[in-house]
Amino acid sequence: MEGILFASGEPVGIDRICLALELDRPTAEQLLHRLADYYAYERRGIRLVRMEDSYQLCSSPDYADVIRKAFEIRKSAKLSQPALEVLTIIAYYQPTTRAFVDQVRGVDSSYTMGLLLERKLIEECGHLQVPGRPRLYRTTKEFLRVFHIASLEELPEMPGLEQDGQLRIGADGAILPPESGEDAARPEEEPV
Amino acid sequence: MDNPIFKLTGVVQERSAEALQDFEGPLDLILYLLSKNKIEIQNIPIALILDQYLAYLEQRKQLDLEIASDFIAMAAHLMYIKTRMLLSLEDEEAQSEMDELIRSLEERRSKDTYARVRTLTETLGPMSEFGRNTMTRPPEPMQRGKVYEYDQEKGDLILAMQAVFDRTEKLAPPPTAAFREIVRREPYPVADKAKEILRRLKRGGITRFLLLFRGSRSRSELVATFLAVLELCRSKLIRLAGSDTDCTIDYEKDAPETPAL
């Protein structure tokens with residue numbers, strides 16, 4: 001498995017591994033999980049990451065500085081606030097259109113979306129069947145790896161998305177904590 | 001509109017705590033009702049929403065809680081829209097008010113969503129550190145082997161061909177033998193006939209169309225004559241005039257002397 005993943009470089013679907021090694025899926029998953037744990041536990045220089053049904057080897061974040069030093073490269077730029085906002089909207093509302101992103105943010109997001117497309121964090125995935133047939137976008141596997149999650153289910157919960165949560169917004173647009181009086185009446189509400 | 005709450009006791013009594021819920025503004029209340037009823041903003045049913053809206057206000061009143069004035073104003077506004085729509089579904093005034101309401105609701109919801117998104121980015125931001133600190137390799141170009149290593153039966157080719165045909169639902173193109181009866185080599189060339197027609201016209205002047213066919217010895221000659229006439233017409237070397245029963249052909253006056261056919 002290690003060999004296959006190394007030779008590939010890019011993520012390998014688990015089905016391919018099962019085919020090559022003649023394993024059933026649960027066994028393969030178990031072995032891969034064990035391999036991933038082994039790398040982490042032994043503080044190896046490589047790590048095994050899972051992105052839904054695919055697996056990939058990558059360098060360990062523990063040695064990032066050393067690795068960068070070896071090649072005299074700089075740390076890649078942090079995602080800008082606009083980029084992060086656009087990415088978040090797409091991540092939670094995918095598949096979605098650029099128009100929706102613009103509407104939520106209240107500004108034109110085409111430049112930012114272009115950047116995210118370039119960095120392969122989002123991709124096109126069809127059209128919405130309404131007049132104009134606008135393009136739909138979703139996040140990529142790369143997105144999962146960069147944010148260190150194995151699937152979209154692992155995204156943090158959106159605050160106040162359930163019916164029993166009412167978000168309060170102050171004059172400057174910041175989220176206000178719920179008044180303590182209200183909380184007593186709604187014990188099930190999650191803290192914001 | 002007296003005591004609408006009785007109609008909705010089932011819905012409203014779900015949790016008495018609901019009435020204690022403080023909404024920032026009337027739009028938030030409406031958005032809450034829409035999401036509770038699982039209705040899209042675009043399809044807002046004014047009567048239903050108005051009923052539930054008033055029910056909420058009534059509950060708050062009964063619990064002795066304050067109701068802000070903009071909530072009352074919105075109630076009046078909804079009632080206005082509803083009554084106009086009752087009078088006439090196509091009422092323009094009501095429609096435009098509805099559109100305005102829908103627009104405001106969408107704007108409010110976008111603001112709400114945006115606020116949530118901004119909170120989330122604070123959590124997601126640090127998560128992207130992993131991506132900044134890990135590196136992956138691009139795939140190695142791999143040479144596919146030149147030798148075909150699989151084992152195949154002869155019959156597989158036929159099966160594959162059959163599958164292709166099944167997919168396209170078309171028959172194989174018919175063999176050329178099938179056309180032999182229909183298409184034969186032209187025994188009487190059209191070009192010759194065309195030249196002959198032109199010679200005739202030059203010598204004899206205007207002539208009748210049908211006369212051209214006199215003296216043809218075979219069917220293919222007749223066909224050749226007809227085609228020649230069409231070709232000469234197309235090349236603007238002759239002119240057809242008259243009716244379908246009495247057609248004449250004449251040499252075009254300003255045609256080139258030795259026409260190339």
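At what angle do helix 8 (residues 190–204) of chain B and helix 9 (residues 219–234) of chain B pack, and how far apart are their axes? In this predicted model, the angle between helix 8 and helix 9 of chain B is about 70°, and their axes are 8 Å apart. Because angles of 65 to 115 degrees count as roughly perpendicular, helix 8 of chain B is roughly perpendicular to helix 9 of chain B. The crossing of helix 8 and helix 9 of chain B is right-handed.

**Helix pairs in chain B**

Helix 8 of chain B contributes B:Val190, B:Lys193, B:Ala194 and B:Ile197 to its contact with helix 9 of chain B. By class, the contact of helix 8 with helix 9 of chain B holds eight nonpolar residues, one polar residue and two charged residues.

A further pair is formed by helix 2 (residues 26–36) of chain B and helix 5 (residues 92–127) of chain B, packed at about 90° with axes 10 Å apart. Helix 2 of chain B is thus roughly perpendicular to helix 5 of chain B. Here B:Leu27, B:Asp28, B:Ile30 and B:Leu31 of helix 2 meet B:Ser104, B:Leu105, B:Arg108 and B:Arg109 of helix 5. This contact of helix 2 with helix 5 of chain B comprises four nonpolar, one polar and three charged residues.

| Helix pair | Angle | Axes apart |
|---|---|---|
| Helix 8 and helix 9 of chain B | about 70° | 8 Å |
| Helix 2 and helix 5 of chain B | about 90° | 10 Å |

**The sheet of chain B**

Chain B also holds an open sheet of three strands in the order 1-3-2, with antiparallel pairing. Strand 1 (207–208) and strand 2 (238–242) of chain B are at the edges; each has a single partner strand, so one side of each lacks a neighbour in the sheet. Strand 2 of chain B is joined by five bridges to strand 3 (residues 247–251) of chain B, and the two run antiparallel. B:Gly242 is placed opposite B:Cys247 of strand 3 of chain B. Helix 8 of chain B lies across strand 1, strand 2 and strand 3 of chain B, at about 85° to strand 3.

**Contact between the chains**

The contact between the chains draws 40 residues from chain A and 35 residues from chain B. Several elements of chain A each supply at least two residues to the side that touches chain B, among them helix 1 (2–8), strand 3 (54–59) and helix 4 (64–71). The largest share of that side, five residues, belongs to helix 5 of chain A. The residues of the side of chain A that touches chain B comprise 18 nonpolar, 13 polar and nine charged.

Notes. Residues are numbered from 1 along each chain as its sequence is written. Chains are lettered from A and ligands numbered from 1 in the order in which they are written. This is a predicted model: local features need pLDDT of at least 70, side-chain atom pairs count only at pLDDT 80 or more; totals for chains, interfaces and linings use all residues. Two residues are in contact if their C-beta atoms, placed from the backbone, lie within 7 Å. Helices (H or I, at least four residues) and strands (E, at least two) are DSSP runs, numbered from the N terminus. Ala, Val, Leu, Ile, Met, Phe, Trp, Tyr, Cys and Pro count as nonpolar, Asp, Glu, Lys and Arg as charged, and the others, Gly among them, as polar. Axes are lines fitted to C-alpha atoms, for helices over the stretch in contact, and angles run from 0 to 180 degrees between N-to-C directions. Angles under 35 degrees count as roughly parallel, over 145 as roughly antiparallel, 65 to 115 as roughly perpendicular and the rest as oblique. A crossing is left-handed if the near helix is turned anticlockwise from the far one by less than a right angle, and right-handed if clockwise. Two strands pair if DSSP finds at least two bridges between them.
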